[in-house]
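Subject: Structure for you to look over

Hello,

Here is the structure I said I would pass on. My notes on what was found in it follow below.

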Amino acid sequence: MGNRKLPVVKNSPYKEIFPTSKLQLYSSYLSSPCFRVLIALNLKGLDFEYKAINLFEKEQNRPEYLKINPLGYVPALVDGDIVLGDSFAIILYLEERYRQHPLLSRDLAKKAINYQVANIVCSSIQPLLRIPILRYVEENAGGDEKIQWVYKHVAKGFAAALELLLKDHAGKYATGDEIYMADVFLAPQVISVTDRFNFDMNEHPLLSRLNETYKQVPAIQNALPQNQPDFPGRTS
């Protein structure tokens, strides 16, 4: 982790709550936004403390957590006096604060593509697959309709947006031969829908190839849900 220190924020409301300067990540193995932040932390080689939030027990709604993120979402990152409760904001902050392994190219056009991929994932695909939404669909329309909901919205995002967007830019990874922000957002989305929902990737050959590549990257492997300390049945 870098040696630079952020300026002390006077009268910070978080000073008594967070006495340590070590990075703290409030996270859940169930969350793909948490997954993407874990990848970013791993790529940058940052040491952090994983603080599990049990979504089934609704720990995200408890007063002590709402002091950290008033929206009651995960992830949340604490870095000294800096507290962030949104995965996109966290990753952009990490990119500015910790310059090792840049997640954005200096090339403006390539940077723009990375921003676009990240935004498609975090605003047009992943929000429609959040646990409360899927639970609502299942409770009101049934389990089969829930799966169809997932397939419909994932297929639209993958085919109409990401496959077409990346076809002229992809190399080994989404926008070339280096892992950038696009991959940080894309890998959790592709991995989660194939693992959790058995989504058929045959209609998305580029994303399917990237998916196989992602599974060989140590920073992504270490961020997989089953490798997190709160994953059910994990003992170490």
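A pocket, as the word is used here, is an open set of grid points with protein on both sides within 12 Å along at least five of seven lines. The model is a predicted one.

Pocket. The largest pocket holds about 950 Å³ of space. Its lining is made up of 40 residues, and Leu-30, Ser-31, Ser-32, Pro-33 and Gln-126 are the ones nearest the centre. Four helices, H1 (32-43), H3 (87-97), H5 (131-141) and H7, each contribute at least two residues to that lining. H7 contributes the most, with 8 residues. Sorted by class, the lining residues of this pocket are 22 nonpolar, 11 polar and 7 charged.

Cavity. Searching the whole structure turned up 1 cavity of 30 Å³ or more. The space in the largest cavity is about 30 Å³. Around the largest cavity are Ser-27, Ser-28, Tyr-29, Ser-31, Cys-34, Phe-35, Leu-38, Ala-223 and Pro-225. H1 supplies the largest share of this lining, 3 residues. The lining of the largest cavity has 6 nonpolar and 3 polar residues, and no charged ones.

Ser-27, one of the residues lining the largest cavity, belongs to strand E1 (residues 23-27). Ser-27 has a relative accessible area of 0%, so it counts as buried. Beyond residues up to four places away in sequence, Ser-27 touches Cys-34, Leu-38, Tyr-50, Lys-51, Ala-52, Ile-53 and Asp-230.

Cores. The largest nonpolar core has 61 residues, and Leu-94, Phe-158, Leu-162, Leu-166, Phe-185, Leu-186 and Tyr-214 have the most contacts inside it. Helix H7 (residues 181-197) provides the largest share of this core, 10 residues. Another core, of 10 residues, lies apart from it and includes Tyr-26, Ile-53, Leu-55 and Val-78.

For Phe-158, leaving out neighbours within four places in sequence, the contacts are Ile-125, Glu-163, Gln-189, Val-190, Val-193, Phe-199, Met-201, His-204 and Leu-207.

Helix H8. In H8 (residues 205-214), the buried residues are Leu-206, Leu-207, Leu-210, Asn-211, Thr-213 and Tyr-214. Why do they lie on the same side of H8? The arc they cover around the axis is only 165°, which puts them on the same side. Among the elements covering the buried residues of H8 are helix H6 (143-166), H7 and helix H9 (218-221).

Regards

Conventions: Residues are numbered from 1 along each chain as its sequence is written. This is a predicted model: local features need pLDDT of at least 70, side-chain atom pairs count only at pLDDT 80 or more; totals for chains, interfaces and linings use all residues. Side-chain values use heavy atoms; hydrogens and water are left out. A nonpolar core is a set of buried Ala, Val, Leu, Ile, Met, Phe, Trp, Tyr and Cys residues joined through side-chain atoms within 4.5 Å. Buried means under 20% relative accessible area, exposed over 50%, partly exposed in between (1.4 Å probe, protein chains only). Contact means heavy atoms within 4.5 Å. The arc is that of the directions from the helix axis to the C-beta atoms. On a 1 Å grid over the protein atoms alone, a cavity is a set of points where a 1.4 Å probe fits but cannot get out, and a pocket is an open set with protein on both sides within 12 Å along at least five of seven lines; lining residues have an atom within 4 Å of a point. Grid points are joined across faces, edges and corners, and a volume is the space filled by probe spheres set on the points. Ala, Val, Leu, Ile, Met, Phe, Trp, Tyr, Cys and Pro count as nonpolar, Asp, Glu, Lys and Arg as charged, and the others, Gly among them, as polar.
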